[in-house]
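Student: I've got the coordinates loaded and I'd like to talk them through. Can we go piece by piece?

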Amino acid sequence: MMNRLLPHPGLSLLLVVMWVVMVSDLTFGTLFLGIVFGILVPIFTAPWWPERPPVRFVPALGYLGIVLWDIVVANFHVAAIILFKPNRNLKPAWLTIPLDLTSPEAITVFAGTISLTPGTVSSDISACGQYLLVHALHAPDPAGEIAKVKARYEARLKEIFR
Amino acid sequence: MSGAAPASADLIVSALVVLGGAFALIGSWGLVRLPSLMERLHGPTKATTLGLGAMLVGSVVWFQLAEGVWTTHELLVSVFLFVTAPISANMIAKVHLHRLRQGEVSKGAGPAGTPEPPPGAADWATHEAPHQGTPGDFVGD
């Protein structure tokens, strides 16, 4: 019964918060309409998202903090490359990252994180779902780059989605 | 707009907007000067996120100090930006991979070359349908 009514409690909460943030006004009416959307939208979209991934929210918040910090650092890093590194010194490379994550939600978050952080864009996933293809703007040491990304993000995501 | 905004508010907001503009400009400059499509993709997906972020923080600070209200729209703009930027970058990269394999890229593969296929029997998902039981497999659902 609870599963039928609230197929994705996290999504419901997110929708309520986003509605209140969008109206930018915390009144009873706003909150009420937000809750109506928070209940109805997950029910109608549940057929396209049948499984409920187990998510641990406290490590997820820590992860969000790390990623936001890395985005700021990444911006300065990429800006420095754009401004000061001539094209002949640039070492772009394709990285093939073996995935330990298995759930589609976890892989999506991992790929999104890679795209938003220092000099890397995730480009493709293998048809078997076990490798991620990533393009690095400047990677003189591809193996080290792969190890860094796996240790910093994938290890934490394994704690969040399990 | 009330004229009662303190001078410090003007100073903070100006600094943030100038910082934001500088990063947006650097991102666009990267689009011009980097060697090939895959490298150019890095400029707009990253250097501009902080540019926009700084401008949005400037907007929040302005409304708080000059008008005395907290606005939250800026938060939502950055959330949507962070969710959509990787997806558009991924789609552009996938089209590029497809065109590379088809030999349709007239200027060549660029300094990173063409990516190796992944280890094992499977190819990249751009060239091969997802296997059964993997995230993109809709037949097995």
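Student: Which residue in β3(A) is the bridge partner of Ala93(A)?

Tutor: Keep in mind that this is a predicted model. β1(A) and β3(A) pair in the antiparallel sense, with 6 bridges between them. In one of the residue pairs, Ala93(A) has as its partner in β3(A) the residue Ala136(A).

Student: In what order do the strands of that open sheet in chain A run?

Tutor: There are 3 strands in the open sheet, and the pairing is antiparallel. β1 and β2 of chain A have a single partner strand each and stand at the edges, so one side of each has no neighbour in the sheet. From one strand to the next the twist averages 30°. Put together, the order is β1-β3-β2.

Student: Is β2(A) enclosed or open to the outside, and how many of its residues are buried?

Tutor: β2(A) covers residues 120–125. A residue counts as buried once 20 or more other C-beta atoms lie within 10 Å of its own. The strand is largely enclosed by the rest of the structure, because the number of buried residues is 6 of the 6.

Student: Which residue in the turn between β2(A) and β3(A) has a positive phi?

Tutor: β3(A) spans residues 131–136 and pairs with β2(A) in the antiparallel sense over 5 bridges. Across that pairing, Ser122(A) stands opposite Val134(A). The two strands form a hairpin with 5 residues between them, and the turn residue with a phi of about 75° is Gly129(A).

Student: Over to the helices. At what angle do the axes of α2(A) and α3(A) cross?

Tutor: α2(A) passes α3(A) in a right-handed crossing. The contact includes Leu11(A), Trp19(A) and Val23(A) of α2(A), along with Leu31(A), Phe37(A) and Pro42(A) of α3(A). By class it has 14 nonpolar, 4 polar and no charged residues. The axes come within 8 Å, and the crossing angle is roughly 145°.

Student: And how far apart are the axes of α5(A) and α6(A)?

Tutor: Here too the crossing is right-handed. Ala106(A), Val109(A), Phe110(A), Thr113(A) and Ile114(A) in α5(A) meet Val149(A), Tyr153(A), Glu154(A) and Leu157(A) in α6(A). The helices pack at an angle of about 145°, and their axes are apart by 10 Å.

Student: What distance separates the centres of the two domains of chain A?

Tutor: The domain assignment gives domain 1 as 2–48 and domain 2 as 57–160. Taken over C-alpha atoms, the separation of their centres is 31 Å.

Student: Which element gives the largest share of the side of chain A that touches chain B?

Tutor: The interface has 38 residues of chain A in contact with 45 residues of chain B. On the chain A side, α2, α4, β1, α5, β2 and β3 each supply at least two residues. That side divides into 25 nonpolar, 12 polar and 1 charged. With 8 residues, the largest share comes from α4(A).

Student: How many helices does chain B have?

Tutor: From the N terminus on, the elements run α-α-α-α. Of the 141 residues of chain B, 29% count as buried. Among contacts in chain B with a separation of 6 or more, 63% come from residues 24 or more positions apart. There are 0 strands, and the number of helices is 4.

Student: Last one: is Ala112(B) buried or exposed?

Tutor: Ala112(B) sits in the segment after α4 of chain B. Beyond its neighbours within four places in sequence, Ala112(B) is in contact with Pro92(A), Ala93(A), Trp94(A), His135(A) and Met38(B). With 20 other C-beta atoms within 10 Å, Ala112(B) is buried.

Technical notes
Residues numbered from 1 in each chain as written. Chains lettered and ligands numbered in written order. Predicted model: local features only at pLDDT ≥ 70, side-chain atom pairs only at ≥ 80, totals over all residues. Buried ≥ 20, exposed ≤ 12 C-beta atoms within 10 Å, placed from the backbone. Pairing = 2+ DSSP bridges. Contact = placed C-beta atoms within 7 Å. Nonpolar A, V, L, I, M, F, W, Y, C, P; charged D, E, K, R; others polar. Axes fitted to C-alpha atoms, helices over the stretch in contact; angles between N-to-C directions. Left-handed = near helix turned anticlockwise from the far one by under 90°. Domains from an automatic or database assignment.
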